[in-house]
Amino acid sequence: MDECSDERGRPQRCMPEFVNAAFNVTVVATNTCGSPPEEYCVQTGATGVTKSCHICDARDPRNHHGAAYLTDYNNQQDTTWWQSQTMLAGIQYPNSINLTLHLGKAFDITYVRLKFHTSRPESFAIYKRTSEGSPWVPYQYYSSSCEKTYQKANSGFVRTGQDEQQALCTDEFSDISPLTGGNVAFSTLEGRPSAYNFDHSPVLQDWVTATDIRVTLNRLNTFGDEVLNDPKVLKSYYYAISDFAVGGRCKCNGHASECMRNDGGRLVCNCKHNTAGDDCQECQPFFNDRLWRRATADSANECLPCECNGKSAECHFDAELYRATGHGGHCRNCADNTDGPNCERCLDNYYRDPDASRCLPCLCNPVGSVSLQCDDRGVCACKAGVTGEKCDTVA
Ligand SMILES: [Ca+2]
């Protein structure tokens, strides 16, 4: 059974399953350790203690830390992680690193979660895009220096009446401890007043939409000992992330229960409810009797067919007609000499063929007739002294 209609076949809201949209999707990192091989040391937090150091080597399968490790299966027993170069190679503010995830299609994002293999950064930000080529929009800032680094007040929520599409900045997850395994999870709707009325909040519906997610790592946490410029110390500061997860659903506006690859290999919704488009964001041709809308919990808001009495397969939505009649479908190119928004009448100077649904020309003689319009039997009204069905005979 298709979840897009109920047991009686009536349309109802449906949506693809909740997934980790990042799983096995390759992240593009602007910096990764190991080309050429380089040494890094594990941060212990204590100064003067001999640090345990290792090699990052991009060509060695056992010692590489490529971006694919951000979104592979997250096995707690055998952690794999992406890692940047170290502070010795200049990895520190104001230099930054971008981790970019292309989802290939719009998703409704519920959360973005990062699991750090080292300390969480002192400052980093999450951005999103709503289409390929559109500008990056800040989603959330994490910083122990919100004002200084991002010119944002430290705040956990949006007040009622404020812009609900603004990114917040919090210092809650920017401590240097824990030195490994710290999580940061950004919930897209948390702290936003209209989340309780999401079905009727276009602002938040747009806010949770993303085709791409970017994490920008701006500043490493340190103990302050990097000022000594000891190479061993500098090699112990770098970014490392073991898991980058994005919880959400393929965005289909409530009109599909699954997304699939199309012929071109792109991910698209399998649209129902007479909708069309990658995200079921429009009505199918000929289903323009009312404007497209998202499905809600109460109504599927399916697209409805135009009524053209079988005389046309083309129509457009006519707002004025909709206001006047409750049906906005305006038929185009009506066949068989019919006319009207629903091809419901004959063209001017035509009459309905009594044996068929088509219309025939009146052919009233322009000289002998009062009007070129005949009656519904095809009879013309003649001037004085003229007779004949078409008024073409002098009496
Ligand atoms: Ca991993």
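Colleague: Which protein donors does the calcium ion have?

Modeller: This is a predicted model, in which local features need pLDDT of at least 70 and side-chain atom pairs count only at pLDDT 80 or more, while totals for chains, interfaces and linings use all residues. Residues are numbered from 1 along each chain as its sequence is written, and side-chain values use heavy atoms, with hydrogens and water left out. Donors are N, O and S atoms within 2.8 Å of the metal (3.2 Å for Na, K and Ca), and water is not among the atoms, so sites may look incomplete. At 2.4 to 2.6 Å from the calcium ion, the protein donors are Tyr69 (O), Asp72 (OD), Thr80 (O), Thr80 (OG1) and Ser242 (O).

Colleague: What spacing do the donors of the calcium ion follow along the chain?

Modeller: The protein donors come from Tyr69, Asp72, Thr80 and Ser242. Along the chain, the donors of the calcium ion follow the spacing Y-x2-D-x7-T-x161-S.

Colleague: How many residues apart are Thr80 and Ser242, which link distant parts of the chain?

Modeller: Helices (H or I, at least four residues) and strands (E, at least two) are DSSP runs, numbered from the N terminus. Thr80 is in the loop between β4 (53-56) and β5 (82-86), whereas Ser242 is in strand β12 (residues 238-250). The separation of Thr80 and Ser242 in residues is 162.

Colleague: Is Ser242 buried or exposed?

Modeller: Buried means under 20% relative accessible area, exposed over 50%, and partly exposed in between (1.4 Å probe, protein chains only). Thr80 has a relative accessible area of 19% and is therefore buried. Ser242 is at 2% relative accessibility, so Ser242 counts as buried.

Colleague: Which residues have the most contacts inside the largest nonpolar core?

Modeller: A nonpolar core is a set of buried Ala, Val, Leu, Ile, Met, Phe, Trp, Tyr and Cys residues joined through side-chain atoms within 4.5 Å. The largest such core has 45 residues, and those with the most contacts inside it are Leu99, Ile213, Leu217 and Phe244.

Colleague: Which strand gives the most to this core?

Modeller: The core in view is the largest nonpolar one, with 45 residues. With nine residues, the element that gives the most to this core is strand β6 (residues 97-116).

Colleague: How many residues has the other core, which includes Tyr127?

Modeller: This core lies apart from the largest one, and Tyr141, Cys146 and Ala167 are also among its members. The number of residues in this other core is seven.

Colleague: Which residues does Leu189 touch, not counting residues up to four places away in sequence?

Modeller: Leu189 lies in the loop between β10 (183-187) and α2 (202-207). With a relative accessible area of 26%, Leu189 is partly exposed. Contact means heavy atoms within 4.5 Å. Beyond the excluded sequence neighbours, Leu189 touches Ala195, Phe198, Leu204 and Val208.

Colleague: What separates the C-alpha atoms of Ser35 and Ala58?

Modeller: Ser35 is in the loop between β2 and β3, and at 56% relative accessibility Ser35 counts as exposed. Ser35 and Ala58 are 23 residues apart along the chain. The separation of their C-alpha atoms is 5.7 Å.

Colleague: Which peptide bond is cis, with omega near 5 degrees?

Modeller: The peptide bond from Ser35 to Pro36 is cis with omega near 0 degrees, and Pro36 is in the loop between β2 (27-29) and β3 (38-41). Pro94 is found in the loop between β5 and β6. The cis peptide bond with omega near 5 degrees runs from Tyr93 to Pro94.

Colleague: What is the positive phi of Cys280?

Modeller: Cys280 is found in the loop between β15 (275-276) and β16 (282-283), and at 0% relative accessibility Cys280 counts as buried. Although Cys280 is not a glycine, its phi is positive, at about 55 degrees.

Colleague: How far apart are the C-alpha centres of domain 1 and domain 2?

Modeller: Domain bounds come from an automatic or database domain assignment. The protein is divided into domain 1 (19-250) and domain 2 (362-395). Between the C-alpha centres of these domains, the distance is 84 Å.

Colleague: What radius of gyration has the protein of 395 residues?

Modeller: The C-alpha atoms fill a box of roughly 125 × 45 × 45 Å, taken along the principal axes. The radius of gyration is taken over C-alpha atoms, and the globule rule is 2.2 Å times the number of residues to the power 0.38. A compact globule of 395 residues would have a value near 21 Å, but the protein has 33 Å.
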